[in-house]
Amino acid sequence: MTRRRVLLSTAVVWLVGFGTLRLSLLAPESCPRVDDDRALEAATAAAGWIEAGQQADGRYLYEYDRSDAEARPGYNIVRHAGVTMSLYQLAAARDGDDTELLAAADTGLEYMLDRLEPAGDGRALVDRGSSEARLGAGALMAAALAARRDATGDPRYDRELRALGRYMTGQIEPSGRALDAYDLVEDAPLPDQTSRYSAGEAGWAIARLNTLFPDEGWDAPARRVADYLATARDKAEGMDFAPWPDQWAAYLLSELAPSGLNSDQVTYARALAGRFGMLIRSESQKSSWPVPVVDPKARGAGLGVWVEGLGSLTRVAAVDDRLADLRPALEDRLNCGAGLLAERQVSAQKADDYDQPDLVQGAWFRDGLTRMDDQQHALSGLLAAAGRIGGGQR
Amino acid sequence: MRSGLIILFVAVNPPAVALTLWARVDRTVLAAGLAMTGALAVVLGLLSDPILDLLSVNPATFRVTAGAVLGLAAATWLSRGPRLLPLEDDLVTGEETRDAKRWSALIVPVLIPTLVTPQLVAASIAVGADEGVLPAAVGAIVALGLAGTAAVLVARGRPGVWSVGVRLVGLVGAVVALGMVVDGVKSV
């Protein structure tokens, strides 16, 4: 072999190797920058989509296909509660001065108030005709009421808020595991039925109650849930690749952090930060992949959830010095995620290309479809990035 | 500092360098090659941040990539042992003078493809970005120094033993590479 051939073959190996990496693991991370005002503007546009599709009975447009300008059938009361909560979060971020937004959220709230049923020591949010109450629905309704209080200072629904809290607390076992369903016929929680979502949702909602009503004993059940999520949930409930990226758990940690987290909770917060950070990093590389190496670009809900998680953990790191080393990276990833959200949101100009621009503008579509939780999670994530959730500016 | 040392040690794989080069180049040329490679590693460690900015990736993402590159090299060492190059005489033309022939080995095979490898370049940048230029510099100097020492000592030992050493470092390299990938994936 001549020297020239050695040099040539080495050059080929380097070029092919670098090229392969550049199109996969080492693809450029594209992170459009957004400032707080732009994030708030995008969140407001998302709320505009929710308001535009709201019906007279308080329900929101559930799923929409922009290709044929048709609403898809179906509804989900847990998602209804979540969307209402996000509207109140935005109302709080805007200091409650947006009366149209508050009116839309209150109409959504009325839909839920009409569906409160006695459950355990309190009341649960239940779909009409259902014999079971789902924990997540009650939890997100409680979170919505807490956000409404943030937005308005109005204590009008505190009785319902506490009743939801008592129901949720009854679903929490001594270990901190949360039972997902309550059997309204048997008048008892359904044993051994859990949900990857509702534990964090309930823990967070109970922690919100503790923040609003600090002397009423809500702290202990919220911390039991946090301990369970931090130390046992992923294994006990068969989650692969722990930690499962649970933004509700991140909300819970951020609510508890000002009054202190234990070492297990801090370790869990660090692991969650890594998971959300990796998800945002790989998402930011996807526009540089020639083919979807892992999966296509995330839905608005998926990306929004990750940004919500990072926003919550940024707040945890801001008050807990044990996570101080993560602060710059968390800020960076949070801003990257918010930038991706803002970039992928349908603008008013692009929406004009469709038959019903009001039901396209401000939304996030994948394969021509959007669902109301795409807007909910993206909206909350953008507010988190703008520092408008949980304790004011970053 | 400790992880930087280990990463650069396995990226160089001193027994592999020794077995590849000891009979093919004289000590002066080898020393020059080791010095130049060390200098390159230091420069890469020093410029790691601008390099990552240029590539538009953050250190955690690059760590995953460096781990993958190192893992590939480690798998090659484990499966094939040391790299066997053609004899030096085959690499040069007969028109070259004796001295030029001696120094021509500096480029091939000393620097390329033996010392300046994808895994060394990736490791230098990764360690520089994660731990700073000092661990990158110390790691590279120690690893290359060991490679030079091994190249001197290899003539006294049995090649079979050194070949086992290559695979052993390859095995450690595979573990280190896996650790880099996992750490990069789990980083914010």
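Asp374(A) is buried, with a relative accessible area of 2%, where buried means under 20% relative accessible area, exposed over 50% and partly exposed in between, as computed with a 1.4 Å probe on protein chains only. The structure is a predicted model, in which local features need pLDDT of at least 70 and side-chain atom pairs count only at pLDDT 80 or more, while totals for chains, interfaces and linings use all residues. Residues are numbered from 1 along each chain as its sequence is written, chains are lettered from A in the order in which they are written, and side-chain values use heavy atoms, with hydrogens and water left out.

Side chains of opposite charge can pair when their charged atoms come close. Over all chains, 32 salt bridges were counted, a salt bridge being a side-chain nitrogen of Lys or Arg within 4 Å of a carboxyl oxygen of Asp or Glu. In one of them, Asp374(A) pairs with Arg299(A) at 2.8 Å, N to O. This pair links distant parts of the chain, 75 residues apart, since Arg299(A) lies in the loop between helix H11 (263–285) and helix H12 (300–319) and Asp374(A) in helix H15 (residues 372–385) of chain A; helices are DSSP runs of H or I with at least four residues, numbered from the N terminus. Arg299(A) is partly exposed, at 26%, and both residues belong to a network of salt bridges that also includes Arg79(A), Arg371(A) and Asp373(A).

A further salt bridge joins Glu216(A) to Arg162(A), with the closest N and O atoms 2.7 Å apart. Glu216(A) lies in the loop between helix H7 (198–212) and helix H8 (219–231) and Arg162(A) in helix H6 of chain A, so the pair ties together parts that are 54 residues apart in sequence. By contrast, Arg38(A) and Glu41(A), whose closest N and O atoms are 3.7 Å apart, both lie in helix H2 (residues 36–52) of chain A, 3 residues apart, about one turn of the helix.

The model contains 1 cavity of 30 Å³ or more, a cavity being a set of points on a 1 Å grid over the protein atoms alone where a 1.4 Å probe fits but cannot get out, with lining residues having an atom within 4 Å of a point. The largest cavity holds about 40 Å³ of space, a volume being the space filled by probe spheres set on the points, which are joined across faces, edges and corners. Its lining consists of Leu145(A), Arg148(A), Arg149(A), Asp154(A), Tyr157(A), Asp158(A) and Leu161(A).

Methods:
1 Å grid on protein atoms, 1.4 Å probe; cavity = no way out; pocket = protein on both sides within 12 Å on 5 of 7 lines; lining within 4 Å. Helix = DSSP H or I, 4+ residues; strand = E, 2+ residues; numbered from the N terminus.
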